[in-house]
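Look at the sequence and the model, then read the points below.

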Amino acid sequence: MHRCLDPGLSIIVGAVDEHGRPSTCRAIAIDSGDDLETLKVFLPVATSHETIKNVATTKRLAVVATYPFDNSATQLKGQAIEARLASEQEGVFVRERLEAFIGSLRGFGVPGRIAGSLAHWPAFAVTIRVEQIFEQTPGPNAGRRIR
Amino acid sequence: MKIRLSDIKRAFQGIVPSSVATADSDGVPNITFVSQVYFVDDRHVALSCQFFNKTRRNLDKNPLAAAEVIDPLTLQAYRLRLKFLRSEKSGPLFDTMSLRIDAIASHTGMTGIFRLIAADVFEVESVEIVEGFLTAPVDAPCEDVSIEGARTEMRGLQLVSERINRASDLEWLLASVLESLEEFFNFSHTSILLWDEANRRLTTMASRGYGKSGIGAEVALGEGLIGTVAREKRLLRLSSLEADLRYGRTIRREATGAARALAEEIPLPGLPDAQSVLAIPLTLGDRLVGVIAAEDRDPMRFSEWHEAYLEIIANQIALGIDRMIERGDEAGEDAVVAAAAEPSAAVRCRAKRRLTYYRHDDAIFVDDEYLIRNIPARILWKLLGESQRTGRTEFSNREMRVDSSLGLPPVKDNLESRLILLRHRLQEKCPDLQLVSTGRGRFALKAEASLELVER
């Protein structure tokens, strides 16, 4: 379960507006300092307008972190308790995680020059209180609640 | 600027996984990666439903969804606002999506477990570029077909047709087709497998661009990518083979607790690191003749453009092969003429060969190494036995055909292809034993070593 916090993972988030219309965007990094009781999600400002708007409205956020090499994945769902611009100090962590993800992409033949141009900064830092954690690895167990 | 789905088709090839967001009736979002969002037309896309997962359950309660797809060459992202319309459990769209999944399932030993339940069709309400997704734009290599390129390929099509029509025997036909594909389409790793109705298997009869020819390698109907194409008689183009196989293996790993036993994974014939595959059935009406397959390390190697061309060529190849088989005796000896080659000095030094026929397996081994099985094995064993008993070394196609113990089908017996296969296998595994033409419909068994025959 805690593997979802490893570096090099591919991370996506889903949110929803007040009319039930979902939105999605990519996250650059996630972090947790309290055994996944809360989760901090870093979203590029450039690409997360709709998601941030939805989080501000409905508070709901779903996050999936996937190991690109074996597709093992975890989904965390919860309610936002804070959304703000990430600090410069957090920027160091975001850039480290971006580098790790670029390393993963290189493993699939994506040139570092291209992967390195993924938008990542400035970023929003959205903290959610984690309510549910699910197994998301493709297969018959996908969707099984693990916490 | 309005973006049409057909303008961003690369993003639907499944090379980069897409994300799909849904929400339940309580407004709780769900997000998941999917291996591929399928392009249907400029207003519709489809998702494969392989498990009744949360995404699928959400759609039954709230049809709204969002997807993000990525162009694999530029890494530019696009967002789609979707509305779920219906689940299709049959029809052309289902068959197309199912073929791809069945092929991957078969290749990873997941047949029957990893399967398409339904093709979920969505209306695309809007599509927009994700502005700012990349800090610097990446130029995509030009993939449009230039006028000059089209001329070259049209000329290629014409020349391939000519070569097929000019072919005097099956072996020449197959070799010239593969040579032409490399010459005009730059397909450098190709193979042709022919369907053997008696054996109910496909046998590799020609290949190009591989270290080992693989001639004689067999594939059962429905087995792996090529076997699935043969069973369904439908073209298959995979652009992200490694990702697809990884996805299939993940499900296999997750499903190991399932009750039924899983089949062993079938190794891909050809390139161990192929990233893209194009396999085209060779058919005449509903009758399967074989499969032509091309692979490449470039995941974007094959396009719709190639599909269209190769389907035309495939029809001509199928006709050409059928023509050769119909000709029977008249063509058979020519193939064997081409076989005649002097053994090397090194070969001549070999004093003794032991050939063992395993009756139970219907297979012949040379010095404990597999040589050939089924009808070609029976043909060789007949020749060797006759030669040892009577001293005869000359034989005719006709006597092979009338010998019921060989099990040749009464019509379309494929004798020529069986002799080609036998000759190639002898060249590879026992070059001091050859089949050499001695005239129309006749051939000789030529041995440069003393032979010990063992039957078990």
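Across the interface of chain B and chain A, the rule finds 3 salt bridges. A salt bridge here is a side-chain nitrogen of Lys or Arg within 4 Å of a carboxyl oxygen of Asp or Glu. This is a predicted model: local features need pLDDT of at least 70, side-chain atom pairs count only at pLDDT 80 or more, and totals for chains, interfaces and linings use all residues. Residues are numbered from 1 along each chain as its sequence is written, chains are lettered from A and ligands numbered from 1 in the order in which they are written, and side-chain values use heavy atoms, with hydrogens and water left out.

**The interface**

- A:Arg21 and B:Glu125 join their side chains in a salt bridge (2.3 Å, N to O).
- On the side of chain B that touches chain A, 24 residues are nonpolar, 10 are polar and 9 are charged. Nonpolar means Ala, Val, Leu, Ile, Met, Phe, Trp, Tyr, Cys and Pro; charged means Asp, Glu, Lys and Arg; the others, Gly among them, are polar.
- Chain B gives 43 residues to the contact and chain A gives 44 residues. Contact means heavy atoms within 4.5 Å.

**Chain A**

- Chain A has 3 helices and 7 strands. These are DSSP runs, numbered from the N terminus: helices (H or I) have at least four residues, strands (E) at least two.
- Along the sequence, the order in chain A is β-β-β-β-α-β-β-α-α-β.
- The C-alpha atoms of chain A fill a box of roughly 40 × 35 × 30 Å along the principal axes.
- Of the 147 residues in chain A, 60% are buried. Buried means under 20% relative accessible area, exposed over 50%, and partly exposed in between (1.4 Å probe, protein chains only).
- A:Lys40, A:Glu82, A:Arg84 and A:Glu90 form a network of salt bridges.

**Salt bridges within chain B**

- The whole structure holds 41 salt bridges over all chains.
- B:Arg10 pairs with B:Asp71 in a salt bridge (2.7 Å, N to O). B:Arg10 sits in the segment before E1 and B:Asp71 in the loop between E5 and E6, so the pair ties together parts 61 residues apart in sequence.
- B:Arg10 is buried at 15% relative accessibility, and B:Asp71 is buried at 7%.
- B:Asp7 and B:Arg4 also meet in a salt bridge (3.1 Å, N to O). B:Asp7 is partly exposed, at 45% relative accessibility.
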